[in-house]
Amino acid sequence: MVLSLTASGCVTVHGELAVVPSAERSEAARALDDFTDAYNKADKAYDPALDAPYVTGALGTINQAGLKARGITNPNGNAGHQPLELTDAKFTIPKKAGWPRWFVADTRSNRDAAGGPSFRWLVVFLRGGPDKRWEAAYLTILSPDQVPEFRTDKDGWGEEVKPDSASVSVAPDDLSEEYSSYLSSGKPEHFAAGPHTDGWRKERADKARLPGLTTQYVDQPVSEGDFAPLGLRTEDGGALVFFATRFFERQTAAKGVRLQVNDDVRALLTGEVRNTITKEWLSSQTVLVPGSDAAAPEVVVAGRLQGITAAKGS
């Protein structure tokens with residue numbers, strides 16, 4: 001087995017048998033700082049190139065499309081830019097074999113409304129190899145009571161729930177396909193009621209009944225490469241899992257009805273909107289999955305972050 005030094009000075013064992021922490025804690029802190037700095041530069045200029053090297057996967061797709069749109073609609077940059085601050089970071093770093101490696105930063109942001117409730121920003125960082133940079137792949141915003149206790153060993157390292165794990169009621173690998181199926185058909189039925197499950201299905205159904213407008217949805221799983229699901233073991237034996245989906249929203253206007261297209265969507269538009277527009281969305285979900293022996297094996301969708309990535313008129 002070959003040993004080599006990474007750029008950070010940590011010894012890395014090349015091979016699939018060595019189970020080691022995904023990152024040193026100081027390395028994780030630097031990755032969070034680097035991401036925040038790049039995010040602020042990109043947000044101030046509305047220039048996706050400024051943080052493109054620091055984002056990937058679901059968060060990267062949403063972030064880059066949003067910056068591209070706002071850069072077109074606001075070519076002089078973000079006049080209302082307020083630097084994002086992520087503090088009080090708590091890192092859960094799983095031990096695992098091979099690459100990619102990843103960890104979760106549970107942080108406090110300065111985005112809470114004055115006098116309103118507080119939220120935690122959970123940023124998932126992914127690194128594809130010893131010569132790769134840490135990139136933010138998932139982001140979810142949760143209330144403090146939604147953030148579970150993570151299981152750690154005696155040295156404080158977290159435990160990964162493998163994509164095909166049978167130790168939880170739904171394997172992480174199956175979540176993207178099952179959630180897409182649920183949104184389309186209501187099945188499987190093991191997703192708990194809430195704003196991102198039956199609430200979202202009702203919202204879609206209500207939108208489909210608007211007079212003079214037909215709205216259709218097509219949901220697709222997304223789970224390859226940097227969009228792969230990532231799961232951390234929780235103290236109760238379940239898992240907190242991050243995964244992605246894609247959906248298309250097609251709106252068709254009746255004769256005499258004009259479709260409303262806002263500036264951010266128009267910036268991503270191809271074709272001409274005559275009576276139809278199809279919006280492509282990327283959505284990332286954060287779910288609590290109970291252990292396989294749970295008495296009530298309902299999957300709770302705790303958070304969802306979505307953004308339009310493309311639009312086509314016809």
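## Strand pairing

Two strands pair if DSSP finds at least two bridges between them. Strands here are DSSP runs of E with at least two residues; helices are runs of H or I with at least four, and both are numbered from the N terminus. By that rule, β12 and β14 run antiparallel and are joined by 14 bridges. Leu240 stands opposite Leu288 in β14.

β14 also pairs with β15, again antiparallel, through 12 bridges. Here Trp281 has Ile308 in β15 as its bridge partner.

## Model basis

This is a predicted model: local features need pLDDT of at least 70, side-chain atom pairs count only at pLDDT 80 or more, and totals for chains, interfaces and linings use all residues. Residues are numbered from 1 along each chain as its sequence is written, and side-chain values use heavy atoms, with hydrogens and water left out.

## Largest nonpolar core

A nonpolar core is a set of buried Ala, Val, Leu, Ile, Met, Phe, Trp, Tyr and Cys residues joined through side-chain atoms within 4.5 Å. Buried means under 20% relative accessible area (1.4 Å probe, protein chains only). The largest core has 31 residues; Leu175, Tyr179, Phe191, Ile277, Val287, Val289 and Val299 touch the most other members. Elements giving two or more residues include α2 (57-73), α3 (172-185), β12 (239-253) and β14 (276-289). β12 gives the largest share, five residues.

Apart from this core lies another, of 21 residues, among them Val104 and Leu230.

## Around β14

In β14, 12 of the 14 residues are buried, so the strand is largely enclosed by the rest of the structure. Ile277 has contacts (heavy atoms within 4.5 Å). Not counting residues up to four places away in sequence, Ile277 touches residues including Leu259, Val261, Val265, Leu269 and Ala311.

Methods: Buried < 20%, exposed > 50% of the residue type's maximum accessible area, 1.4 Å probe, protein only.
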